[in-house]
Amino acid sequence: MANKEIPYKIYLEESELPRQWYNVRADMKNKPAPLLNPKTLKPCTLEELSEVFCTELARQELDDTTPYIDIPDEIIDFYKMYRPAPLTRAYCLEKALDTPAKIYYKFEGNNTSGSHKLNSAIAQAYYAKKQGLKGVTTETGAGQWGTALSMACAYLGLDCKVFMVKCSYEQKPFRREVMRTYGANVTPSPSMLTEVGRKINEQFPGTNGSLGCAISEAVEAASNMEGYRYVLGSVLSQVLLHQTVIGLEAQAAFKKYGEKPDIIIGCAGGGSNLGGLISPFMGEKLRGEADYEFIAVEPSSCPSLTRGIYAYDYCDTGAVCPLQKMYTLGSTFMPASSHAGGLRYHGMSSVLSQLYDDGLMTARSVKQTEVFEAAQQFARVEGILPAPESSHAIKVAMDEALKCKETGEEKTILFGLTGTGYFDMYAYQKFNDGVMDDYIPTDEEIKEAIDRMPKI
């Protein structure tokens, strides 16, 4: 089987679509620390989380013992419109790099939202609908999550209110219009519509916003409207759970051809796509069944894993959400308005933070111009214009392939191509015009935000 010729694209049959999500927490010896109630500083209960999230999603958030959770048939039927997604062998990139390495990518851009975000959006919208809610509120950075959620809500007949990080709202007007086409109400954040938005504007005049700001506004908005709940596109354990369809499909596709990756790479902002890609493989490592090298790639402008601290922090700038133990730059850290809007979050998933702290994965930060150089090279040989976020993983995958060229090792590399960059042409224009910069926060800037963190 291992000698079978590998096609450019490995497709699974519809019948091979995963029927369960995989919960990596069940196999973790060191469980992620519990979420804390911001008022009592005690672990959040199901009842408390259900005031913010749908009850079933709150239950999934707290479940760190059940290894597999059934995917409802209604969600499976929606998945069938664009899944299973292909696992692609990057033959042309291998040739361009003249590397003995085998390079694969799991492509998640085969849907109108253009990214992996739809995998969790439909799940969260489904549970909201099942609970009898009128609608949901959320935040979005680059816009992929807001687009995906607006699609899912339109499909199920739910109202959708999106707070979009201000710099992305201005840089990506077409992404905003896709959301509106699907019926979503889109507001630039921080806004003057919420109490927390007004406070942030007062504290940081002229701010470009951040995911932390937008989260605070979305939570406040949901709490002030009857029949609404807040939903989140990354960071939370429930979101990583839904995204494991990515890794489960990749795992099955490799097994079809007797292959196995040596290195698995994903971009890291809040952690949803990286967690979804690596979880099934990480489960094998945790159970002692196989070994892999996992690499998280984050922007140098917002380096939570590589320069942050591991501590309890607020998940949002307004300090209204539960506290989470994670690698963080501080909830008041305002990242530069980089073009990878989906990676501009001050913290990292508690699951990935625990795995990183346990030494089960590594992390690297890369500069913006390096990322776009890699994106351009990939686009020219592989025929897909990648999202800026995805291009962080491309950059390090290429680095690893070039290392193989130097050493002669024939390693197999897998990275997550989380989405397409066709709504990111403003960023590509900046790169092509040679006016893109590489802002890297100083130690003093990071220390200032960390010093403002709660002392727990």
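1. A nonpolar core here is a set of buried Ala, Val, Leu, Ile, Met, Phe, Trp, Tyr and Cys residues joined through side-chain atoms within 4.5 Å. With that in hand, and keeping in mind that this is a predicted model, the largest such core has 73 residues. Those with the most contacts inside this core are W21, Y79, M361 and L414. Helix 5 gives the most to the core, contributing 8 residues.

2. Leaving aside residues up to four places away in sequence, Y79 touches L17, W21, I71, N119, I122, H242 and V245. Y79 also belongs to one aromatic cluster with F78, Y82 and Y155.

3. Next, the aromatic pairs, of which the structure holds 17. Take F53 and Y230: their ring centres are 6.0 Å apart and their planes meet at 35°, so this pair is tilted. F53 sits in the loop between helix 1 (46-49) and helix 2 (55-62), while Y230 is in strand 9 (residues 228-230), so the pair ties together parts that are 177 residues apart in sequence. Buried means under 20% relative accessible area, so F53 counts as buried at 5% relative accessibility, and Y230 counts as buried at 2%.

4. For a contrasting geometry, look at F78 and Y82. Their ring centres are 6.2 Å apart with the planes at 80°, so the pair is edge-to-face. Both F78 and Y82 are buried.

5. Helix 6 deserves a look too. At 1.5 Å a residue, its 13 residues (144-156) should span 18 Å, and the end C-alpha atoms are 19 Å apart, which agrees. After the helix comes G157, whose phi is positive, near 75°.

6. What covers helix 6? Helix 6 is mostly covered, with 11 of its 13 residues buried. These are Q144, W145, G146, T147, A148, L149, S150, M151, A152, C153 and L156. The elements covering the buried residues include helix 5 (118-130), strand 6 (135-140), strand 7 (159-165), helix 8 (173-181) and helix 17 (388-407).

7. Finally, two charges over rings. R176 lies over the face of Y169, at 4.4 Å from the ring centre. K325 lies over the face of Y310, at 4.7 Å from the ring centre.

Conventions. Residues numbered from 1 in each chain as written. Predicted model: local features only at pLDDT ≥ 70, side-chain atom pairs only at ≥ 80, totals over all residues. Heavy atoms only, no water. Helix = DSSP H or I, 4+ residues; strand = E, 2+ residues; numbered from the N terminus. Expected span 1.5 Å × (residues − 1). Buried < 20%, exposed > 50% of the residue type's maximum accessible area, 1.4 Å probe, protein only. Contact = heavy atoms within 4.5 Å. Phe/Tyr/Trp six-rings, centres within 6.5 Å; stacked < 30°, edge-to-face > 60°. Lys NZ or Arg CZ within 6 Å of the ring centre and 35° of its normal.
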